[in-house]
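Hi everyone, thanks for making time. I'd like to walk you through one model this morning, so please have a look at the screen.

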Amino acid sequence: MKSADALRQYDWDDVSLTLYAKTQRDVQSALRHPAPGWQEFLALISPAAEASLPSMAEKANALTRQRFGHTVSMFVPLYLSNLCANECTYCGFTMSNKIRRVKLSPQQIKDEIRAIKTMGFDSLLLVTGEHETKAGMAYFNEVLPLIRPHFSHLAMEVQPLSTDDYRKLVKLGVDSVLVYQETYHRAHYGQYHLRGQKQDFDWRLETPDRLGEAGMNKIGLGALLGLSDWRTDSALTAMHLYLLQKAYWKTRFSIAFPRIKPCAGDQFSPVSDITDKQLVQLICAYRICFPEVELSLSTRESATFRNSVVPLAINQLSAASQTQPGGYSEKSDALEQFSTEDTRSANDVAASLLAQGIEPVWTDWLQQFGR
Amino acid sequence: MLSIAEQSFSSRLLTGTGKFGHPDILKAALVASRTSMVTLALKRLNRQHQQDSTLQVLRTLPVTLLPNTSGAATADEAVYAAKLARELLGTPWVKLEIHPDQRFLLPDPVETLRAAEQLCEAGFHVLPYCHADPVLCKRLEEVGCAAIMPLGAPIGTNQGLQTRDFLQIIIEQSNVPVIVDAGIGRPSQACEAMEMGADAVLVNTAIATSNDPVATASAFAKAVEAGRESFLAGAPLAQRNASATSPFTQFLETLS
């Protein structure tokens with residue numbers, strides 16, 4: 001577990017003290033640095049950098065256009081189930097929530113695919129819920145062959161699996177796996193995750209290593225912003241990313257910026273709210289320090305926010321997302337994981353990108369790559 | 001005139017199709033570049049490719065399509081992509097790109113040579129993107145590549161001819177056209193490559209991401225032509241000492 005071992009050497013409080021001690025001078029030197037690293041990242045996400053946000057945004061934008069051009073890749077999530085074998089105090093799917101539990105049948109999946117293809121999507125993110133026995137490898141073996149032929153790129157947000165299972169997923173056609181640590185704060189993590197396999201902080205922390213060892217083409221990382229101090233969580237996410245990039249040089253990485261959203265049965269209030277402005281700061285810091293990493297923004301964010309932030313530094317954008325299983329062919333809000341903010345159609349999102357001089361890219365992969 | 005695999009090309013500026021924000025801008029820039037060979041990533045091709053907006057633009061222009069294997073990390077994947085391109089687009093041309101390195105997108109020499117060998121054998125006109133490694137370029141030539149495409153700097157970096165000294169050796173030794181690919185950020189850098197004796201250059205990022213892609217494309221077209229003309233004219237060597245425009249030694253001619 002190369003990167004997890006190294007990451008465990010970092011003490012939360014030390015990281016936190018270092019980053020909150022960054023000064024405007026550190027920020028200026030980070031902005032001038034030819035190859036900014038982790039210390040520069042800390043400076044750019046620190047409170048001291050808030051005053052430099054305009055310069056950060058300009059730099060982030062220039063780097064984005066240089067690397068990715070005037071394009072943004074489009075994807076859509078497909079929720080396969082809302083089953084969950086974990087108790088997580090912030091999530092609408094948590095096992096103690098009395099909601100109707102669904103797992104899509106092959107026929108329902110076909111209906112969903114038809115509805116999704118009509119919208120024009122060719123890149124799919126499967127969201128599976130986290131239930132090893134009911135929505136585990138046996139189910140994936142059954143449904144992935146139904147799904148794979150219809151999309152050029154297939155990503156999956158799935159409970160942490162073993163290296164061997166990830167190898168099987170690669171063979172079944174999965175190009176990318178997203179696994180968020182939620183929070184890198186070990187004690188907070190324990191307070192949020194009360195039952196189930198997900199309680200095991202280290203098993204989750206080692207997941208990207210297992211994915212790298214299995215040869216997964218792309219790995220998505222992130223922290224659920226709000227669970228702990230978002231700056232320190234982001235600092236550790238970035239360190240995780242540096243370590244993983246070195247260990248798995250053939251793997252692509254993506255970063256997402258989920259912020260806590262209200263959900264069913266929700267009593268949860270974030271420990272550390274991240275404001276819109278701070279989220280922009282965080283996105284720009286990632287771009288400046290990781291010009292090649294794909295940054296993703298979901299429909300958790302509002303249309304207004306996305307319209308202004310996407311042209312700045314975002315590379316992957318979802319649209320028209322339904323966060324409940326079966327939502328594309330048969331809509332019902334009752335089952336959703338969280339409520340989306342940007343409810344525009346895929347066409348509307350694409351048109352608004354084009355109007356801003358950005359071409360939405362629907363197809364950017366060959367199924368046979370990475371097998 | 002530039003000739004690759006016995007086909008003549010009116011322009012020595014090859015261009016790409018990625019990174020433009022709109023098909024109309026792509027089209028205007030390609031026209032302004034006067035390019036006659038354009039590369040496009042097969043992975044971006046819409047499977048119902050009659051509807052592919054990039055392809056629709058390219059079909060209206062007098063250009064040869066050069067599908068590329070971008071995204072491939074191994075020889076097998078690149079060979080697969082090349083064959084798919086031949087099937088979908090009906091062309092034997094392929095720009096061979098294999099870059100497992102995800103940060104700097106540097107080409108894998110081992111996999112590239114392997115794939116080049118297989119593709120040349122299968123009758124493709126192979127243009128491999130490779131490091132500015134003179135020995136590798138000779139090996140690629142030996143397996144039958146129609147041209148070689150050594151890089152000036154990592155792709156998309158606009159750093160220019162960082163590999164200058166090695167490009168010079170490659171150009172001197174090559175029996176197939178040398179197309180400097182990747183890293184050229186300014187028309188002056190393209191001009192420099194042509195003055196060194198490169199047969200052509202490929203420019204994408206610098207055009208597509210400039211503030212004015214059309215004007216930049218036009219500037220590159222002129223720079224490439226100027227560089228070529230200068231090369232043919234025999235650009236003089238740089239020297240340390242000054243050399244007067246009207247040398248005083250002229251009086252020697254008047255002596256009997």
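Let's start in strand β6 of chain B, residues 93-96, which holds B:Lys95. Keep in mind that this is a predicted model. The UniProt record, an unreviewed entry, puts the feature "active site" at B:Lys95. Is B:Lys95 buried or exposed? There are 28 other C-beta atoms within 10 Å of B:Lys95, and 20 or more is enough to count as buried, so B:Lys95 is buried. And which residues is B:Lys95 in contact with, once we set aside the neighbours within four places in sequence? They are B:Thr39, B:Leu66, B:Asn68, B:Leu127 and B:Tyr129.

Now, on to the helices of chain B. Take helix α9, residues 213-233, together with helix α7, residues 187-196: their axes come within 7 Å and cross at roughly 25°. Angles under 35 degrees count as roughly parallel, so that is what we call α7(B) and α9(B). Their crossing is right-handed. On the α7(B) side, the contact involves B:Pro187, B:Ser188, B:Ala190, B:Cys191, B:Glu192, B:Ala193, B:Met194 and B:Glu195. From α9(B), the residues taking part include B:Phe220, B:Ala223, B:Val224, B:Gly227, B:Arg228 and B:Phe231. If you like to think in residue classes, this contact has 11 nonpolar, 3 polar and 3 charged residues.

Helix α9(B) has another partner to show you. Helix α1 of chain B, residues 23-33, packs against α9(B) at an angle of about 20°, with the axes 7 Å apart. That makes α1(B) and α9(B) roughly parallel to each other as well, and α1(B) passes α9(B) in a right-handed crossing. Here B:Ile25, B:Ala28, B:Ala29, B:Ala32 and B:Ser33 of α1(B) meet B:Pro213, B:Val214, B:Ala217, B:Ser218, B:Phe220 and B:Ala221 of α9(B). How many charged residues does this contact have? There are none: the classes are 9 nonpolar and 2 polar.

Last stop, the two chains. Where they touch, 25 residues of chain B are in contact with 24 residues of chain A. Which elements of chain B give two or more residues to that side? Those are α3, residues 75-89, and α8, residues 205-208. Of the elements, α3(B) gives the most, with 3 residues. By class, the side of chain B that touches chain A splits into 9 nonpolar, 9 polar and 7 charged residues.

That's my tour, and I'm happy to take questions.

How values were computed:
Residues numbered from 1 in each chain as written. Chains lettered and ligands numbered in written order. Predicted model: local features only at pLDDT ≥ 70, side-chain atom pairs only at ≥ 80, totals over all residues. Axes fitted to C-alpha atoms, helices over the stretch in contact; angles between N-to-C directions. Helix = DSSP H or I, 4+ residues; strand = E, 2+ residues; numbered from the N terminus. Parallel < 35°, antiparallel > 145°, perpendicular 65-115°, else oblique. Left-handed = near helix turned anticlockwise from the far one by under 90°. Contact = placed C-beta atoms within 7 Å. Nonpolar A, V, L, I, M, F, W, Y, C, P; charged D, E, K, R; others polar. UniProt positions renumbered as here; feature names shortened; annotations may be inferred. Buried ≥ 20, exposed ≤ 12 C-beta atoms within 10 Å, placed from the backbone.
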